[in-house]
Each structure stands twice: as structure tokens, then as C-alpha cells.
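Hi,

Here's the structure I promised to pass on. Have a look at it first, and then read my notes on the charged side chains below.

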Amino acid sequence: MKPFPFFKYGFIVGYAASKISILANSEFPYSNNIDYKYDPGITMGIFIDKPVFVSEFSIRSELLFSRNGYSYNWSDGNLDVDLLINTASITIPLLIRYTHPSVKVSPFLNVGGTYTYNIRRDGQAYESLLSYNLINIRKLNEY
């Protein structure tokens with residue numbers, strides 16, 4: 001006997017990996033030299049899952065909050081460039097979920113889209129030049 005679909009809601013906590021992308025026409029002169037890697041972090045929020053009629057399909061939406069701190073570095077000879085960026089984001093996925101009907105285990109498949117809005121995004125870039133045992137540090141634009 002398959003379980004009867006019901007409305008679900010609650011809290012959600014997850015582990016997510018994200019990375020930044022800087023456009024090629026950015027004011028940051030070293031944007032193409034840095035390898036932007038993924039940064040792991042905690043994300044948390046709320047969800048609702050509403051069944052579509054009496055079927056294996058439901059509509060699921062979430063409201064998630066995440067904060068990330070990115071730190072990138074690039075060196076070339078006597079030149080060292082550091083990029084520090086902090087973000088806070090709200091993410092809202094809207095999904096159609098198919099749940100395989102089963103009594104003991106209920107595997108599911110989500111399909112849909114996601115909208116993300118950066119509440120906070122600030123960053124600084126520093127350029128350090130070593131010459132004759134003297135380090136000259138210059139703050140580039142804030143991003």
C-alpha cells in the first residue's frame with residue numbers, strides 16, 4: 001500500500017559549495033589570472049512541499065540563507081595579489097518533485113529553477129610588490 005501524500009513544511013540545514021565569478025570586463029585587472037575555486041559553507045532556511053492532487057508529484061519551495069567568505073591569491077615573481085570577498089545570499093528554489101511511492105524508502109527527483117539574491121557583497125583586492133627587500137602593499141578598488 002502506498003503512502004497518502006500530505007503537505008509538509010519545516011526547517012532545512014545543508015552544506016553547499018559555491019564560487020564567485022568575475023566578468024572579464026571587470027575593473028579588477030587580475031581577474032583572468034586567478035583560479036576561482038568552490039568554497040564550502042552552511043546554508044539554512046525553511047521549506048514547504050505541497051502535493052499536486054493525490055499523486056507522486058508535489059511543488060516544493062525553499063527560502064535559504066547562506067554566508068560565504070572567499071579568499072583568492074595569485075603570484076607572479078615579485079608580484080602577489082590577494083582578493084577577499086564576503087557575501088550573504090538569499091536563495092529561492094521552486095521545484096517540481098517526484099517521489100517514488102514506497103512504504104519504507106521514498107527516493108525523490110527534483111526539477112526546477114533557482115533565484116539567488118546577494119544581500120551583501122563586499123570585497124577588497126591588494127597588490128603586493130617585493131623589490132629590494134621592501135614590500136609595497138597597495139589596495140586596489142573595492143568590489
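**Salt bridges**

There are seven salt bridges in this predicted model, counting a side-chain nitrogen of Lys or Arg within 4 Å of a carboxyl oxygen of Asp or Glu. As background, side chains of opposite charge can pair when their charged atoms come close.

Start with K8 and D49, whose side chains form a salt bridge at 3.8 Å, N to O. K8 sits in strand 1 (residues 8–18) and D49 in strand 2 (residues 39–51), so this pair ties together parts that are 41 residues apart in sequence. Strands here are DSSP runs (E, at least two residues), numbered from the N terminus. K8 is partly exposed at 32% relative accessibility, while D49 is buried at 2%. The cut-offs: buried is under 20% relative accessible area, exposed is over 50%, and partly exposed is in between (1.4 Å probe, protein chains only).

Next, R60 and E62 pair up with their closest N and O atoms 2.9 Å apart. R60 is buried at 8%, and E62 is buried too, at 11%. K8, D49, R60, E62 and R97 are linked in a network of salt bridges.

Then there's R138 with E127, at 2.8 Å, N to O. R138 is in strand 6 (residues 134–142) and E127 in strand 5 (residues 108–131), so the pair ties together parts 11 residues apart in sequence. R138 is partly exposed at 45%, whereas E127 is buried at 14%.

Residues are numbered from 1 along each chain as its sequence is written, and side-chain values use heavy atoms, leaving out hydrogens and water. Local features need pLDDT of at least 70, side-chain atom pairs count only at pLDDT 80 or more, and totals for chains, interfaces and linings use all residues.

Cheers

Key: Helices (H or I, at least four residues) and strands (E, at least two) are DSSP runs, numbered from the N terminus.
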